[in-house]
Amino acid sequence: MRKLLSRFEGDKAIWAYVVLLALFSFMPVFSASSNLVHVVGTGSIIGLLMKHFFHILVGIVIVYVFHRMPFDRLKYFAPIAWIPVVGLLLLTAAQGMMIGGANASRWLNIPGINLSFQPSSIGWISLMAYLSWFLWKFSDEEYSFNKSLLWVWVPVGLIILPIFPSNFSTAAIIFASVCMLLFIGKYPLKYLGKILGFGMVMGVMAFFAAKAFPDYAPSRLSTWVARIDRFGSDDKDVDRYQIENAKIAIAQGEVFGVGPGKSIQKNFLPQSSSDFIYAIIVEEFGFIGGMMILGVYVLLLFRFLVVSNKAPNLFGKYLVIGLGFSIIFQAIINMGVAVEIFPTTGQPLPLVSSGGTSIWMTCLSLGIILSVSRKEDEIKKQMFENAAKQEAFRKLLEEQELADKEEREFEGDNPMNAVLNKR
């Protein structure tokens, strides 16, 4: 058993938090799945639970495989990996999938195997890897705004723009992650300010244009305008069904919760096993359970900071920051939506919400982060071994010098030496 566990290298605390969240996820997913079975009429509880088990199992395998791979190899793929992802995003946006009359062009189906995935998650990771490479590659150079437009903002735009019409929240989080990573990577603030100003102006213009011409706006953009309008609204005529049921679930949880599997609001709350799973967790495990989950993500953030600070090079440091903070952003937004700090979005709670793509892409990010920490451990081990070898060599020299000294003293005290010298 010890030999098997030794194969799981890297930051042990991150491994512990990942396994803890993955194991805990089965309880709220199992409980919330009854909503899909009894209310929606989809599948069976055991079937949905086994599906979640499969997603978690594959996710752990992804973490293991990528944490064993040297992260430095990404330097060769990061500059170009985002290019084919742009093609996938454009293909996804062009398919025009509609669910309930709304634009749901987020998923891309793989023919022949009945499997679909969200290319936006792959775009997110590839963009973080590319920007980490850029900040490492040009860390000692000064570049103009025009050069950074070509090297930074063209790839960012090509990733974000196809996502924006169908998944505004993901596009916004990716943009925020990009700005955060560039800020830490000492991207000139004057350039970043120009981009932020331009982005805010375009966002405000899109918002008011959608309100003024709702018949011509993309359906998903109109949905977001409606969500922002009803965010924090006290108007009784505004549809606040999801958030009101989430708040009822949180209120019913009180301090210790109603108990695992005993949630009532899971039967009324849409997306209770994914987007609003945090509300179900607080209802069943109470304020204490909700704060413990929040605490695990805070501890994960702390470990990400530790790993990034000890990374063997700038590329690894920026990778950990970009990928790690993206996971924390998702967690904060999911929990914030449940308590109405943010407008309703479709962001999952990493490693806890049900869903294949979100779990697997989170595990891919964690695998890369653990690969960085594994490299740190290898360097420490090598330094320790070198220090041990130097100490052993020093002791050997001391022993040799002592032996030579004793031999010289013996030769000086030997009476036969005087006889030999006379001859």
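In this predicted model, the side chains of Lys75 and Asp72 meet in a salt bridge, with 3.6 Å from N to O. Lys75 counts as buried because its relative accessibility is 19%, under the 20% cut-off. Asp72, at a relative accessible area of 23%, is partly exposed.

The structure holds 6 salt bridges. Three of them are listed here.

| Salt bridge | N to O distance |
|---|---|
| Lys75 and Asp72 | 3.6 Å |
| Lys247 and Glu340 | 3.0 Å |
| Arg374 and Glu9 | 2.5 Å |

The side chains of Arg374 and Glu9 meet in a salt bridge. Arg374 belongs to helix α13 (residues 356-413), while Glu9 sits in the loop between α1 (2-5) and α2 (12-40), so this pair ties together parts that are 365 residues apart in sequence. Arg374 is buried, with a relative accessible area of 11%, whereas Glu9 is partly exposed at 27%.

Lys247 and Glu340 also meet through their side chains. Lys247 is in helix α10 (residues 241-253) and Glu340 is in the loop between α12 and α13, so parts 93 residues apart in sequence are tied together by this pair. Here Lys247 is partly exposed, at 34% relative accessibility, and Glu340 is buried, at 16%. Salt bridges with shared partners also join Glu9, Arg68 and Arg374 into one network.

Lys75 is also one of the buried residues of helix α4, a list that includes Ala78, Trp82, Val85, Val86, Leu89 and Thr92. These buried residues pack against β3 (108-110), α5 (119-137), α6 (145-163) and α12 (314-338). Helix α4 covers residues 74-94; its 21 residues should span 30 Å at 1.5 Å a residue, and its end C-alpha atoms are 30 Å apart, which agrees. The helix has a kink of about 40° at Ile80, shortly before the proline Pro84.

Helix α6 has a kink of about 40° at Trp153, shortly before the proline Pro155. From its first C-alpha to its last, this helix of 19 residues reaches 25 Å, close to the 27 Å expected at 1.5 Å a residue. Both Trp153 and Pro155 are among the buried residues of α6, as are Phe145, Ser148, Val152, Val156, Gly157, Ile159, Ile160, Pro162 and Ile163.

In helix α5, Ser132 is buried, with a relative accessible area of 0%. Leaving aside neighbours within four places in sequence, Ser132 is in contact with Leu181, Phe315, Tyr318 and Leu319.

Val65 is found in α3 and counts as partly exposed because its relative accessibility is 40%.

For the chain as a whole, there are 14 helices and 4 strands. Of its 423 residues, 45% are buried. The chain exposes about 22500 Å², and carbon and sulfur atoms supply 67% of that area. Among contacts between residues at least 6 apart in sequence, 71% join residues at least 24 apart.

Terms used
Residues numbered from 1 in each chain as written. Predicted model: local features only at pLDDT ≥ 70, side-chain atom pairs only at ≥ 80, totals over all residues. Heavy atoms only, no water. Helix = DSSP H or I, 4+ residues; strand = E, 2+ residues; numbered from the N terminus. Buried < 20%, exposed > 50% of the residue type's maximum accessible area, 1.4 Å probe, protein only. Expected span 1.5 Å × (residues − 1). Bend = angle between axes of the 7 residues up to and from the residue. Contact = heavy atoms within 4.5 Å. Areas by Shrake-Rupley, 256 points an atom, 1.4 Å probe, with all protein chains shown as cover. Salt bridge = Lys/Arg side-chain N within 4 Å of Asp/Glu carboxyl O.
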